[in-house]
Amino acid sequence: MAMKTAEEHEVGISCFISDLPGFRGILKQRYSDFIVNEVDRDGTVVQLSSLDAPQEEPESFQENGTNTSDNVVSYASQIESFKSLAGDSDAVLLEEFINKINAGGEDGVSPIVLSPDSDKSHRKAMHNFFKENFKFLVTDVVDGPDASSKCIRVRLNSAEPNNKGKNSKKRKERGDKPFDSRGSENWPKNVGKFLRFHLYKENKDTHEALGVIGNMLSVQPKSFGFAGTKDKRAVTTQRVTVYKQRASRLASLNKRLFGIKLGDFCYVKEGLCLGQLLGNRFTITLRGIVADSEDIIKASADALGRHGFINYFGLQRFGSGSLPTHLIGAALLQGEWKLAVDMILDPRDGEKSAIAKARKYYKESSDVVGTLKQLPRYLVAERAVLQTLKTSPGNYLQALKSIPRTLRMLYVHSYQSYLWNHAASKRVQKYGTENVVLGDLVYCKENSTGKVTESVGSEYAEDCSGRYDSNNEDEISGEIHEEIDSVKVRLLVLAHCRGLLVLN
């Protein structure tokens with residue numbers, strides 16, 4: 001049954017430091033009223049300052065057939081040899097295809113289909129020729145114009161493969177790797193394996209934005225790393241890393257993206273993990289202020305500056321939909337896999353009509369394929385679950401494991417936050433806020449930033465282990481239970497990881 005949007009008392013927020021009557025206002029009336037900038041561990045506020053790729057890509061990329069500079073590699077001799085194997089028309093088609101890639105337009109270059117060929121041994125020779133001479137390209141076979149013929153299709157090596165049969169084993173093997181490494185076999189050794197960039201987004205959550213970018217790059221979600229998710233109804237800027245992608249390729253996406261911008265690119269040796277940040281800087285606009293008097297507003301602001309506030313997790317921690325995410329987290333902690341899947345897929349109040357229609361259709365029909373056709377691609381969790389149920393009906397554990405781990409752990413983190421809020425409220429109700437009691441975590445202003453970072457970041461435990469999806473159910477079950485056991489331990493020590501009060 002769909003639930004109304006969570007209210008503060010429903011997630012444990014029930015106490016205040018000040019006895020002032022306070023005032024009311026509208027938060028996030030516009031998404032631009034809530035601006036979030038990540039603060040990295042050095043204390044630097046993350047800003048988007050440049051949309052351009054570095055003027056000079058690392059020289060080692062020049063050796064690759066997919067470079068974007070003017071100093072491109074010539075494939076004249078290989079194309080001449082290809083002409084004797086495939087004929088003049090296919091050789092011209094291939095040459096034009098490579099020229100478009102070398103011009104830096106690989107993101108807009110569609111695959112090419114060569115002339116029909118009914119000779120299987122000849123097609124095999126063609127495949128081998130590409131493997132030996134054009135390692136940045138891949139080939140497969142598509143149906144020809146008649147039943148007896150086939151055509152070879154040629155595309156960039158980083159594209160999503162559609163071939164099946166024998167190569168399905170390769171896809172399973174690829175799923176066990178920590179990153180989606182397709183098309184990166186020739187990555188230069190002297191260049192960091194991760195491209196770090198600043199992600200600026202408007203009115204989109206982090207997973208939705210990265211899903212859009214991943215689709216454009218034809219890479220899986222596990223290739224991306226970030227220090228923390230940012231609010232959906234907001235304007236946010238944060239750091240992201242992606243495995244073995246060139247800056248010029250991401251920079252070229254900006255002209256096609258809406259409400260998303262990428263910039264400030266650099267190559268680094270390590271990807272980002274959850275928790276690798278000092279915090280976030282918020283710029284908030286309140287509208288529609290209602291108060292007994294202007295003096296009350298001033299007094300409340302003054303009290304906030306002098307006394308701080310109880311360090312609750314806010315409502316955004318529990319999701320923006322009508323189903324609070326901590327309820328899904330509770331189901332995961334209890335091992336209720338089907339219940340968790342149902343909560344993710346069931347109809348919810350307040351969603352767009354197309355999404356509501358798709359959820360209702362699945363609820364009534366259980367038609368996975370039909371529902372997938374209706375759900376938008378940015379619903380990452382829902383689509384991941386349905387894709388697995390399509391191939392493994394009834395395997396709810398596998399379906400949950402298919403959700404990107406960074407997103408999946410948000411559910412249990414949300415429940416962790418729910419428990420923290422209730423514990424904080426009990427602490428304040430029992431002991432007040434004037435005195436420190438045994439078990440409180442106290443920060444002194446003289447403490448170094450580094451020490452504070454250790455404590456604040458620990459709620460995420462620098463989780464870098466979520467960048468692979470296994471197809472082995474025994475491993476899946478073990479990993480899920482390890483995650484839950486880890487969270488249960490953190491629930492016991494949470495009071496030592498997060499301060500009760502925030503003081504200026």
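**Overall architecture and helix packing of the predicted chain**

Of the 504 residues in the chain, 45% are buried (under 20% relative accessible area with a 1.4 Å probe, protein chains only; over 50% is exposed and the range in between partly exposed). The model is predicted, so local features require pLDDT of at least 70 and side-chain atom pairs pLDDT 80 or more, whereas totals for chains, interfaces and linings use all residues. Residues are numbered from 1 along each chain as its sequence is written, and side-chain values use heavy atoms, with hydrogens and water left out.

The chain contains 16 helices and 13 strands, taken as DSSP runs numbered from the N terminus (helices H or I, at least four residues; strands E, at least two). Among contacts (heavy atoms within 4.5 Å) with a separation of 6 or more, 75% link residues 24 or more positions apart.

Helices α1 (residues 76–86) and α3 (residues 120–133) pack with their axes 11 Å apart and at an angle of about 175°, the axes being lines fitted to C-alpha atoms over the stretch in contact and angles running from 0 to 180 degrees between N-to-C directions. The pair is therefore roughly antiparallel (an angle over 145 degrees). Helix α1 contributes Gln78, Ser81, Phe82, Leu85 and Ala86 to the contact, and α3 contributes His122, Ala125, Met126, Phe129, Phe130 and Asn133.

In helix α8 (residues 325–333), 8 of the 9 residues are buried, including Thr325, His326 and Ile328. Just after α8, Gly335 adopts a positive phi of about 75°.

Technical notes
Angles under 35 degrees count as roughly parallel, over 145 as roughly antiparallel, 65 to 115 as roughly perpendicular and the rest as oblique.
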